[in-house]
Amino acid sequence: MNLIEVKNLEKIYENGENKTVALGGVSFSVEKGEFIAIMGPSGSGKSTLLHLLGFLDRQTAGTYKFDEKQIDEYSEDELAKIRNKKIGFVFQAFNLLARASVYENVKLPLFYSDIPEEEWDAKIKSAVEAVGMSNRLTHEPGELSGGEKQRAAIARSLVLAPEMILADEPTGNLDSKNSEAIIKLLDELNRKTGRTIILITHEESIAKYAQRFIRMMDGKIENDKKI
Amino acid sequence: MTGLKTHKSRSFLTILGIVIGITAIILVMSIGQGAQDLILSQIQGLGSRTIVVIPGREPSGPSDIAQVFSDSLKEKDLNLISRKENVPNAEKIMPIVFGGESSAYGNETYRATVLGASADVFDVFDIYPAKGIPFSESDVRGRQAYAVIGSKVKTELFGESEAVGERIKIKEKNFRVIGILPKKGQVSFFNFDEIILVTYTVGQDSLFGIKYFHRFIISADTEENIPKVVEDLKITLRNSHGITDPEKDDFFVQTQADLALRIGTVTNILTLLLVSIAAISLVVGGIGIMNIMLVAVTERTREIGLRKALGAANRDILRQFLFEAVILTGIGGILGILIGALLAFGVSLILSKALGLSWTFSFPVFGAVIGFLVSGIIGLIFGIYPARKAAQKNPIDALRYE
């Protein structure tokens, strides 16, 4: 069953007279449980695509079906709900709250969920355990290494058990040793729990963990191959 | 909340405007209340059945003091209103004259308030000599140069030594001290510790050299009869002065109830005026809050983007920033209430200890509740614009923000 179906997806930024085509008609579909790496030079539209897939932005043209439903049928509030429930984001810059502990950071999505508060603690702890950070619960981001920060961020993306994890260059700020640890963690999440993962990366060594590669160029898919 | 904690000193500076505004409001309200209580308690010292006739026309406002200089209340008027057929429900009628005069005993001098009255003065003000005796109605008629002195006058002139029976000089005239009043403080217009009571006859002739009176103080037989007594007094005095048009009265009659109401109104207006000035600083404080919230919204653009990516709906972001603004101003309000109450308490201590006024500290509960609510509302009003700005940020632009 297809989790995602995208047809002729376009995103055009208009700035007065200037039109910038960030995404110029992209079509593909994603099945549940796939692990996809999106590659391509900067400006090729991969981040824009990821943002559209993650409901952070709306397309200019084309259709996006998620879970059999058209995205345009959702209201802003419903989109917020889907981001909360179904999608976990992992960013290159981690985006952790600086003055909050790992525990507090992982708690963040729960604030916006309808999960009763008494279940929060268990969910936070199991998410943190899944990334091997149980010994760092009370640490603030400033006290963590880059790899640990990204683990905390992955724990945050996992806490509500989303269908899909979207990772925008998750290893971009990490050294090779930490990068490998993080991609292994994502790989494990994909294989053990069957979570759909779509990640953007520049690095072949990271991309090789995926089962499918989408190469983008100038807002279009240049190449889409499965292993 | 994390944003507030991150910038503790900035948050504090931001709410300073609110703190100062609420402090000022609480202080003004507390002092206003204290002043009103003090004045009212002094008026009530005269008794609620008391009616005062004052020469001159009724002042039309606080700055209208023309009436002070009138000499319209004469001996003839006193005789007329003293007749039972004219004012049947008057129980006591007392004329008074007063003024500041220097008094001396040996080398000691003291500037006292000299009050010339009839022998009813002791009953009317409910104060009797602690030592010695009061003067009598026959002393008044016999123009005896007797003086009953207040406790402070006694200490200033005599120190610890015996005063009753001694001769003092008031305005170079000899008086015999026949009584000493107990410590009493302020009653109505007079501080009885600093007073010298003499008979009005001697007061008029020897001290002030006048043929008129400064006040008639009348007590009605019952409270219900006060309006009737007031009406009888007016009719009698108008007849005596040949006045047909009440607009042209050269005297006015004031009851204690009137006076209380009038003073209450004046202090309320003053308090309101000062409170509204203080309220301006609340608006300024509110603008400060708005400014800092706008800065915070910009600074925390990435955080807003992140929260939206993690599932925060617009109303969640709106609520968060509004909540922070209200918490800020609410804390400001509470601080202001505490500081204002402390300052007001300090002022009441100074006024009662250093100046000897019977000033009571009153915590303006109403003011505190309103102050707290207003500061919260300011947070809401001035927080809504920044909060809406935050809520409407596009998540992706917010996440990309550097």
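**Sheet, helix packing and chain contacts in the predicted model**

Strand β3 (residues 35-39) of chain A runs parallel to strand β9 (residues 212-217) of chain A, with which it pairs over four bridges; strands are DSSP runs of E of at least two residues, helices are runs of H or I of at least four residues, and both are numbered from the N terminus, while two strands pair if DSSP finds at least two bridges between them. This is a predicted model, in which local features need pLDDT of at least 70 and side-chain atom pairs count only at pLDDT 80 or more, whereas totals for chains, interfaces and linings use all residues. Residues are numbered from 1 along each chain as its sequence is written, and chains are lettered from A and ligands numbered from 1 in the order in which they are written.

Within the pair formed by β3 and β9 of chain A, A:M39 stands opposite A:R215 of β9(A). Both strands belong to an open sheet of six strands in chain A, with the order β6-β7-β8-β3-β9-β10 and mixed pairing. The edges are formed by β6 (87-90) and β10 (220-226) of chain A, each of which pairs on one side only, and the twist from one strand to the next averages 15°. Helix α1 (residues 46-53) of chain A packs on this sheet and touches β3, β7 (164-168), β8 (196-200) and β9 of chain A, contact being defined by C-beta atoms, placed from the backbone, that lie within 7 Å. The direction of α1 makes about 150° with that of β8(A), where axes are lines fitted to C-alpha atoms, for helices over the stretch in contact, and angles run from 0 to 180 degrees between N-to-C directions.

Chain B contains 13 helices and 12 strands, and 41% of its 402 residues are buried, that is, have 20 or more other C-beta atoms within 10 Å of their own, with C-beta atoms placed from the backbone. In helix α6 (residues 151-158) of chain B, the buried residues are B:V153, B:K154 and B:L157. These residues fall within an arc of 100° seen down the axis of α6(B), so they line one face of the helix; the arc is that of the directions from the helix axis to the C-beta atoms. Their cover includes β2 (90-105), β3 (108-117) and β5 (146-149) of chain B, among other elements. After α6(B) comes B:G159, with a positive phi near 60°.

Between the chains, 18 residues of chain A are in contact with 16 residues of chain B. On the chain A side, α2 (76-86) and α3 (102-111) each supply at least two residues, and the largest share, six residues, comes from α2(A).

Terms used
Two residues are in contact if their C-beta atoms, placed from the backbone, lie within 7 Å. A residue is buried if 20 or more other C-beta atoms lie within 10 Å of its own, exposed if 12 or fewer, and partly exposed in between; C-beta atoms are placed from the backbone.
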